[in-house]
Amino acid sequence: MFSKGRLIGIGFGLFALICLVATFDYSRGRLPQTDSPLVADVLAATIARDCGRDATEIVARYIPLGTEQAQAEQVLESVTIVPPKPWFWSPMIENSTAWDGASVEALRTIKATAFGNNLLRIHLSFADKKVKRIAAEVVCRFE
């Protein structure tokens, strides 16, 4: 029969193994399900630790300069993910849009992990109801 100390050791060992696997899995983050080709392209071009990466070129493919304001807003609304459904943490999805005169700044969650989120920050400036300037970057928030 096993001694009490050996059983405790086996229990701690199994617990440590489960924690290691879960931490490794969720630190990489699960690839989110999305219908947005913009999100898919940004995720393909970045890695989990790629914070502060410029994504202007990728966003400019979907919202080129000269795009009508209404069409640009439709593209921004389509930037969504279906968050993962893990068993030990609840993902925080941040989606916001802030208008400031003739410009808009949108934050969209593109990847959610147990340790933080990757957000796509898009800044669009408009003149005559058309896109005149684009800036985008991947921002990491660790909670």
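Predicted model: local features only at pLDDT ≥ 70, side-chain atom pairs only at ≥ 80, totals over all residues.
# Briefing: Salt Bridges, Core and Surface

Five salt bridges and one aromatic pair are found in a search of the whole structure. The largest nonpolar core has 24 residues, and a nonpolar patch lies on the surface.

**Salt bridges**

- Glu137 and Arg121 join their side chains in a salt bridge, at 3.7 Å from N to O. Because Arg121 belongs to strand E4 and Glu137 to strand E5, this pair ties together parts that are 16 residues apart in sequence. Arg121 is partly exposed, its relative accessible area being 28%.
- Arg141 and Glu94 form another of the salt bridges, with an N to O distance of 2.3 Å. Arg141 is located in strand E5 and Glu94 in the loop between H4 and E2, so the pair ties together parts that are 47 residues apart in sequence. Arg141 is partly exposed at 31% relative accessible area, and Glu94 is partly exposed at 21%.
- Arg61 and Asp41 also form a salt bridge, in which the closest N and O atoms are 3.7 Å apart. The pair links distant parts of the chain, with Arg61 in helix H3 and Asp41 in helix H2, 20 residues apart. Arg61 counts as exposed because its relative accessibility of 51% is over 50%. Asp41, with a relative accessible area of 25%, is partly exposed.

- The one aromatic pair found in the whole structure consists of Trp99 and Phe126, which are stacked at 6.0 Å centre to centre with 25 degrees between the planes. This pair links distant parts of the chain: Trp99 is in strand E2 (residues 95–100) and Phe126 in strand E4 (residues 116–127), 27 residues apart.
- Phe126 is buried, because its relative accessibility of 9% is under 20%. Trp99, by contrast, is partly exposed, with a relative accessible area of 43%.
- Gln69, a residue of helix H4, touches both Trp99 and Phe126, as well as Lys129, when residues up to four places away in sequence are not counted. Gln69 is buried, because its relative accessible area of 16% is under 20%.
- The C-alpha atom of Gln69 is separated by 9.6 Å from that of Ser125, although the two residues are 56 residues apart along the chain.

- In soluble globular proteins, nonpolar side chains tend to be buried together.
- Within the largest nonpolar core, the residues with the most contacts are Leu38, Val59, Ile63, Leu120, Ile122 and Leu124. Two or more residues each are given to this core by helix H2 (37–45), helix H3 (56–62), helix H4 (69–77), strand E3 (103–113), E4 and strand E5 (130–142).
- Leu124 is in contact with Ile63, Ala72, Leu76, Ala102, Ser103, Val104, Val131, Arg133 and Ile134, leaving aside neighbours within four places in sequence.

**Surface patch**

- The nonpolar patch on the surface is formed by Phe2, Leu7, Ile10, Leu14, Leu17, Leu20 and Val21, which together have about 700 Å² of accessible area.
- Ile10, one of the patch residues, lies in helix H1 (residues 4–28).

Notes
Residues numbered from 1 in each chain as written. Heavy atoms only, no water. Patch = residues over 30% accessible without salt bridge, like charges linked within 9 Å, V, L, I, M, F, W, Y side chains within 5 Å. Areas by Shrake-Rupley, 256 points an atom, 1.4 Å probe, with all protein chains shown as cover. Salt bridge = Lys/Arg side-chain N within 4 Å of Asp/Glu carboxyl O. Helix = DSSP H or I, 4+ residues; strand = E, 2+ residues; numbered from the N terminus. Phe/Tyr/Trp six-rings, centres within 6.5 Å; stacked < 30°, edge-to-face > 60°. Buried < 20%, exposed > 50% of the residue type's maximum accessible area, 1.4 Å probe, protein only. Core = buried A, V, L, I, M, F, W, Y, C linked by side-chain atoms within 4.5 Å. Contact = heavy atoms within 4.5 Å.
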